[in-house]
Amino acid sequence: MDIKNLQRENIKNLRPYSTARDEYKGQASVFLDANENSFGSPLPENFNRYPDPLQLDLKDAISKIKGVPIENTFLGNGSDEAIDLLFRAFCNPGKDNVIILPPTYGMYEVSANINDVEIRKVNLLPNFQLDLEGIAEAIDANTKLIFICSPNNPTGNSIIRTDIETVLANFNGLVIIDEAYINFAKQRTFIQELTEYPQLVVLQTFSKAWGLAGLRLGMAFASSITIDILNKVKAPYNISQSTQDLALAALQNIGQVNEWIKITVAERELLSKQLLELPMIRKVYPSDANFILAEVDDANGTYDALVEQGIIVRNRAKITLCEGCLRITVGTPAENSILLSALKSLKP
Ligand SMILES: *Cc1c(COP(=O)(O)O)cnc(C)c1O
């Protein structure tokens with residue numbers, strides 16, 4: 001399978017923007033090549049220089065944690081940037097199509113619509129696993145991308161590994177596995193399988209377990225050919241200097257992050273059990289993520305009543321296969337007990 005032939009013709013022929021720092025590499029002390037402010041910046045940190053377009057120091061630090069080489073790593077302004085770039089680099093508007101597997105993360109569909117790319121929806125089965133036959137039927141010669149979210153948002157379950165492998169073995173486009181919640185899962189990541197599957201793209205993010213949703217930093221791991229294509233299409237300085245500095249500092253605190261993951265997983269199990277004891281809760285789906293999908297007697301009414309008390313959950317009642325469900329993020333122990341007391345206080 002040839003990734004180079006999968007990209008759009010205009011992208012294949014694109015001569016990317018060449019930054020001042022791309023044109024000169026080496027030792028120098030006087031930089032008069034990028035029209036920066038040579039005096040400095042009005043901040044204590046020196047933000048007057050353009051940041052490294054390829055974020056090599058940060059990627060090096062990430063590589064040490066993930067065990068994925070730098071040339072297989074792309075960094076974006078959130079994973080959402082990688083999702084959008086995949087559409088822009090590989091999908092011809094008005095001609096190509098992508099497959100998404102509802103109920104799932106909303107950005108795949110929004111990005112497809114922004115880029116005028118046809119969406120083929122193959123619903124998950126009632127057990128929230130892949131409909132492999134349906135996926136096989138939906139694929140045609142213009143299918144470029146299949147998005148598999150595992151653990152899936154909003155259902156919380158991991159997708160069966162062998163099913164994902166079946167898709168990887170039988171599809172000649174890119175298979176994107178969105179692992180935003182992988183840190184909370186029992187399931188193994190797919191980032192170790194990149195050498196086996198050239199068409200594999202794994203998305204991870206600093207927004208969830210790492211506690212850096214406000215920073216906007218996402219990762220895509222893929223074959224070096226795919227990574228080169230994404231780098232060619234992205235904005236030259238897509239990750240700011242402050243994001244690169246702060247992410248590097250955050251990576252030093254992996255101990256704290258692992259501690260939070262452990263607590264979150266323990267709280268998830270506790271909260272699931274406590275929710276199930278409430279008469280209004282019909283079902284609590286098993287979760288491999290940092291949230292719980294729960295079916296309640298009156299989802300809209302419960303949602304509104306919680307809002308009244310200043311507690312916001314996500315109302316998924318109108319989503320296919322999630323009828324009557326609320327998606328509840330696992331909070332701190334204190335937040336979770338506030339939620340439980342609020343639910344207990346609601347009139348039946
Ligand atoms: C939250 C989430 C993301 C994260 O997106 P960022 O742009 O990195 O914040 C990606 N995928 C899924 C499925 C998510 O739920």
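Predicted model: local features only at pLDDT ≥ 70, side-chain atom pairs only at ≥ 80, totals over all residues.
The description begins with strand S1, which comprises residues 73–76. In a regular strand, the side chains alternate between the two faces of the sheet. In S1, Thr 73 and Leu 75 lie on one side, while Phe 74 and Gly 76 lie on the other. S1 is joined to strand S7, residues 218–222, by 4 bridges, and the two strands run antiparallel. Within this pairing, Leu 75 is placed opposite Met 219 of S7.

Attention now turns to two helices. Helix H4 spans residues 79–90 and helix H8 spans residues 224–233; their axes come within 10 Å and cross at roughly 95°. Because of this angle, H4 is roughly perpendicular to H8. On the H4 side, the residues in contact are Leu 85, Leu 86, Arg 88, Ala 89 and Phe 90, and they meet Thr 226, Ile 229, Leu 230 and Val 233 of H8. Sorted by class, the contact consists of 7 nonpolar, 1 polar and 1 charged residues.

An unreviewed UniProt entry assigns to Lys 208 the feature "modified residue: N6-(pyridoxal phosphate)lysine". Lys 208 belongs to the loop between strand S6, residues 200–205, and S7. Is Lys 208 buried, exposed or partly exposed? Its relative accessible area is 28%, so Lys 208 counts as partly exposed. Apart from its neighbours within four places in sequence, Lys 208 is in contact with Ala 180, Tyr 181 and Phe 184.

Technical notes: Residues numbered from 1 in each chain as written. Heavy atoms only, no water. Buried < 20%, exposed > 50% of the residue type's maximum accessible area, 1.4 Å probe, protein only. Pairing = 2+ DSSP bridges. Axes fitted to C-alpha atoms, helices over the stretch in contact; angles between N-to-C directions. Parallel < 35°, antiparallel > 145°, perpendicular 65-115°, else oblique. Contact = heavy atoms within 4.5 Å. Nonpolar A, V, L, I, M, F, W, Y, C, P; charged D, E, K, R; others polar. UniProt positions renumbered as here; feature names shortened; annotations may be inferred.
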